[in-house]
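Here are my notes on the model, point by point. Please read them with the structure open.

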Amino acid sequence: STPNSETGGEAPKVPTPPPEPKGNVSPKAQKDKETAVPHWVTATQSSLGSIVSGPELSTAALEKPTVSFVRDVFRAVYKAAGCGEGLFTDAELEAVSENANTEIKRTMLHKLVDFVANVTESDLSSFVVEDCIAGTNPEQTNLLLQKLHAAATDEAAKTRWGAGVKLAEANHQVRVKDDQIVTLKTEVQSTKEEQAEGGGE
């Protein structure tokens, strides 16, 4: 430091200005960087955005994709490319809403996952339908949407559309029968318990 000529003491210290943001980054840009959009959201936007104009593939919608949103995306992809024809009836799709019961949502998602996995020859066995319904794993739901884009645009995948629909429906029928068996077993067990209680009186 330089001595103060008048007092003979030390020169007063001047506050150091804060460093300039690197690359002239504005405070807003810095904040945006800190809240960066997940890569799996941008991947969905760049893929599906090339073939559908709606629903809006906003960051907010893709960070918390609902089952109804997935349904709307499927409808848009089908309208744009014809992908998934025959996979659902109009009534099945109309029944899907945020207020729909869990079974309706589960059925739609199971069929969509089966179809997409088959036509794209992808392993989606780790996809948990219940997580999608609950909105607890948006990354896996975005992966499904990205694979749906591949199903609609890949030339090899297009040749498997028909088989994919049939397989999805066949798997759905198996699940229905399995559910019926479980229900019957539960009813039989309940009847046995009631009879046992009645016999013990």
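1. Start at Phe88. This is a predicted model. Phe88 has 11% relative accessibility, so it counts as buried, the cut-off being under 20%. Phe74 is buried too, with a relative accessible area of 4%.

2. Phe74 and Phe88 form an edge-to-face aromatic pair, 5.2 Å centre to centre, with 85° between the planes. The count of aromatic pairs comes to one. Phe74 sits in helix H4, and Phe88 lies in the loop between H4 and helix H5 (90–95). The pair links distant parts of the chain, 14 residues apart.

3. Now the helix that carries Phe74. Helix H4 (residues 67–81) packs on helix H8 (residues 138–153) at an angle of about 10°, with the axes 10 Å apart. Angles under 35 degrees count as roughly parallel, so H4 is roughly parallel to H8.

4. Which residues make the contact? From H4 come Phe69, Val70, Val73, Phe74, Val77 and Ala81. From H8 come Thr141, Leu145, Leu148 and Ala152. By type, the contact of H4 with H8 has nine nonpolar residues, one polar and no charged.

5. Follow Val77. Leaving out residues up to four places away in sequence, Val77 touches Leu48, Ile51, Val52, Gly82, Cys83, Leu148 and Ala152.

6. Finally, the core. The largest nonpolar core has 39 residues. Val73, Val77, Cys83, Leu87, Leu112, Phe115 and Leu148 touch the most other members. Elements giving two or more residues include helix H2 (39–48), helix H3 (59–63), H4, H8 and helix H10 (161–199). H6 gives the most, with eight residues.

Technical notes. Residues numbered from 1 in each chain as written. Predicted model: local features only at pLDDT ≥ 70, side-chain atom pairs only at ≥ 80, totals over all residues. Heavy atoms only, no water. Axes fitted to C-alpha atoms, helices over the stretch in contact; angles between N-to-C directions. Helix = DSSP H or I, 4+ residues; strand = E, 2+ residues; numbered from the N terminus. Parallel < 35°, antiparallel > 145°, perpendicular 65-115°, else oblique. Contact = heavy atoms within 4.5 Å. Nonpolar A, V, L, I, M, F, W, Y, C, P; charged D, E, K, R; others polar. Core = buried A, V, L, I, M, F, W, Y, C linked by side-chain atoms within 4.5 Å. Buried < 20%, exposed > 50% of the residue type's maximum accessible area, 1.4 Å probe, protein only. Phe/Tyr/Trp six-rings, centres within 6.5 Å; stacked < 30°, edge-to-face > 60°.
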